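Here is a short briefing on one protein model. Look at the fold, then read the points below.

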Amino acid sequence: MVPNISDEQMRQLDEQGFFVLENVFTPGEMDGLAERIEAHQRRHEEAIAAKGGTDGISRAEEITFTSHLAESDEAIRAFVQRPEFVAIATRVLGGDVDLYWNQSVFKMPEGEKEFPWHQDDGYTPVTPSPYLTLWLALNDATPENGCISVLPGSHKKGLVPHEGTPIGLACHPADDPDQGVQVPVKAGSMAVFYSLTMHKSGVNRSKGPRKAYIIQYSKAGLRNAVSGEVLTGKVPLAREGMPVT
C-alpha cells in the first residue's frame with residue numbers, strides 16, 4: 001500500500017522526530033523479505049562464528065547487523081526502490097533522494113543488554129542532515145522482544161556527543177529518569193524517524209528473534225560532515241520526485 005503521509009504525521013515528525021506508518025506491507029511480504037535476508041544473515045553469522053563470535057558491535061548470541069543487503073541482492077534492491085519508499089522519502093526529503101544505508105538488525109531471544117541510546121548521525125556525521133530512517137518490522141516488534149524507544153523532540157538538539165561503549169555508541173544515560181517512549185511496530189509497519197532522533201532498543205525477553213530491516217534515505221549529494229567528501233556509490237531512489245528505474 002503506497003502510504004499517503006498526512007500533514008499531521010509531518011507535524012509529528014517535525015515536533016517529535018518520529019511517527020509510525022501502519023500496515024505498509026503485508027505479513028506475507030515480510031515473510032518473503034525475511035527469508036531472503038536470513039540467507040545473508042546465516043552467512044554473516046557463520047563469518048562471525050569463524051571470528052570467535054564477535055564482529056564489532058554484533059554479538060552472535062545477542063544482536064547481529066548485516067549491512068549492504070540491497071547492494072548484494074537484486075530482489076532486496078528492487079524492494080527498497082518500491083513506490084512505497086519513493087512516496088515516503090520524497091514527501092519528507094524532497095525530490096532528489098538516494099538510499100544511504102540499509103541493514104538487518106536481528107535481536108536474539110533471552111538477551112541481556114539493551115542497545116544504547118544513540119543518534120544515527122553519531123556513527124557517521126553527514127551533511128545535509130538529518131536523513132530519514134525507516135525501521136521496518138519483519139515480525140512484530142513488542143516491548144517484550146525489544147522494540148525501539150525514542151526520545152521525542154531530541155532531534156531538535158542537533159548532533160550531540162556520543163561515547164563509545166562495548167555495545168555501541170551512547171548519547172543518553174540508560175539510568176536517566178527520561179527513557180522516552182516505546183514504539184511497538186507490527187510486521188509490515190514501520191517507525192519513521194530522523195537520523196538525529198535519539199533511540200534505543202530494549203532487551204529481547206521472548207523466546208524468538210526480533211527481526212527488523214533498517215532502510216535509510218538521504219538527499220542526493222550527501223557528504224561526510226567532517227571531510228566534506230561526497231559519499232558515492234549510493235542507490236538512487238528518485239529524481240525530481242520521480243522514481244529512478
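Is helix 5 mostly covered or mostly uncovered? Helix 5 is mostly covered, with 8 of its 11 residues buried. Buried means under 20% relative accessible area, exposed means over 50%, and partly exposed lies in between (1.4 Å probe, protein chains only). Helices (H or I, at least four residues) and strands (E, at least two) are DSSP runs, numbered from the N terminus.

The model is predicted: local features need pLDDT of at least 70, side-chain atom pairs count only at pLDDT 80 or more, and totals for chains, interfaces and linings use all residues. Residues are numbered from 1 along each chain as its sequence is written, and side-chain values use heavy atoms, leaving out hydrogens and water.

- The buried residues of helix 5 are E84, F85, V86, I88, A89, T90, V92 and L93.

- Strand 5 (residues 97–107) pairs with strand 15 (residues 235–239) in the antiparallel sense, over 3 bridges. Two strands pair if DSSP finds at least two bridges between them.
- D98 stands opposite P236 in strand 15.
- Strand 15 and strand 16 (residues 242–243) run antiparallel, joined by 2 bridges.
- R239 has M242, in strand 16, as its bridge partner.
- These two strands form a hairpin with 2 residues between them. In the turn, E240 has a positive phi of about 50°.

**The largest pocket**
- A pocket is an open set of points on a 1 Å grid over the protein atoms alone, where a 1.4 Å probe fits, with protein on both sides within 12 Å along at least five of seven lines; lining residues have an atom within 4 Å of a point.
- The largest pocket holds about 500 Å³ of space, the volume filled by probe spheres set on the points.
- Of its 24 lining residues, W101, Q103, H118, D120 and Y123 are the closest to its centre.
- Strand 5 supplies the largest share of the lining, 4 residues.
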